[in-house]
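Biologist: Let's go through the terms one by one. I will ask what stands behind each label.

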Amino acid sequence: MFHHRPVNNHLLLIEVEKLALEMLRIRYWQHIMNEHLKEKRFKIPIHVSIGYEALAVAVNRMMCDGDQLVLTHRNMSYNLARAGDLTPVYREYLLASNSMSSGALGSMNLASRDRGIAYTSSILGNNMPVACGLAMANAVLERRALVTVLTGDGAMEEGTFYESLVFAKSQKLRVLFLVEDNNQSMSSSIAERRCAIDLDKLCQSLDISCRALSGNDVVKYTNEMQAVREQVVSENTPACVIASVRAFCQHAGPTPGWPTDPKKIKLENGLMVEASLDDPLFVLRDRIGNISFDALCQQVLAESWKAA
């Protein structure tokens with residue numbers, strides 16, 4: 001069934017199909033969330049992350065037992081990846097008692113220690129010092145675990161970003177700083193609010209490794225993230241990865257109603273949103289071929305889930 005381009009890496013073809021299915025499921029589940037947001041089924045503000053699926057799958061596959069993930073307000077794709085199921089996340093958004101945190105955390109602070117998500121914060125830049133604290137505890141307890149902290153091109157303007165980099169390097173902490181560069185903070189682009197920041201040079205000044213990810217290829221991202229983890233854990237040193245992503249859903253549905261929100265994104269139009277390299281599903285289709293892509297999409301769309 002599985003048609004593909006030649007894959008010049010160590011992943012077996014069956015693993016590529018598993019990555020594809022995981023990414024397609026996360027996209028499908030986010031489509032469902034988006035449709036229900038437009039129907040005003042939820043009482044809380046929710047940030048959909050359609051466009052982040054390749055990165056979320058790569059982070060999920062990178063994590064080993066004992067590793068910890070620290071998230072931001074736009075955490076849907078990562079929570080879905082770690083849960084492997086829509087139902088617990090959906091129930092949390094409904095503030096239901098039979099959800100991931102009994103409805104106590106909602107969306108923008110949703111964490112799940114059982115799934116390795118140690119902390120999530122809606123406060124800009126707040127989560128990076130927390131990640132350093134978690135990594136310090138791992139060092140004291142002699143645990144060879146990685147702490148991955150998500151941040152963005154807006155939050156990296158905060159002082160906590162630089163301070164956390166310095167602290168992590170000084171204390172030889174196993175922290176991976178993952179910067180999601182979606183060129184968007186609230187309703188402003190980078191050019192509209194600040195000068196350019198050369199993250200590679202900033203990291204060089206602290207002797208911290210910095211990698212850039214672009215292209216939304218889930219296979220490439222998975223290999224790269226696993227290589228970064230091996231480096232951080234074996235060398236007892238922080239690292240930084242900056243990934244170019246596009247948030248097709250800035251906030252989704254009627255809340256808060258930015259002009260660029262995805263009112264026109266519809267599940268009935270298919271899982272892929274845009275035929276461009278900005279959409280990880282377009283990149284996936286190019287990698288595995290139309291026949292395999294369509295077959296896997298139909299498989300995912302036929303799967304059932306429970307809202308209640």
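Modeller: Start with a strand pair: Leu71 has Thr120 in E2 as its bridge partner. This is a predicted model, where local features need pLDDT of at least 70, side-chain atom pairs count only at pLDDT 80 or more, and totals for chains, interfaces and linings use all residues. Residues are numbered from 1 along each chain as its sequence is written, and side-chain values use heavy atoms, with hydrogens and water left out.

Biologist: What makes E1 and strand E2 (residues 117-120) a pair?

Modeller: Pairing requires that DSSP finds at least two bridges between two strands. E1 and E2 have three, in the parallel sense. Three bridges also join E1 to strand E3 (residues 147-152), again parallel. There, Val70 stands opposite Val149.

Biologist: Why is Asn34 called buried?

Modeller: Buried means under 20% relative accessible area (exposed is over 50%, partly exposed in between; 1.4 Å probe, protein chains only). Asn34 has 0%, so Asn34 is buried. Asn34 is found in helix H1.

Biologist: How do you know that both faces of strand E1 (residues 68-71) are covered?

Modeller: Gln68 and Val70 on one side are buried, and so are Leu69 and Leu71 on the other.

Biologist: Which angle do helix H1 (residues 13-38) and helix H9 (residues 218-235) make?

Modeller: They pack at about 105°, with axes 10 Å apart. That makes H1 roughly perpendicular to H9, a label for 65 to 115 degrees (under 35 is roughly parallel, over 145 roughly antiparallel, the rest oblique). Val16, Leu19 and Met23 of H1 make the contact with Val218, Val219 and Thr222 of H9, where contact means heavy atoms within 4.5 Å.

Key: Axes are lines fitted to C-alpha atoms, for helices over the stretch in contact, and angles run from 0 to 180 degrees between N-to-C directions. Helices (H or I, at least four residues) and strands (E, at least two) are DSSP runs, numbered from the N terminus.
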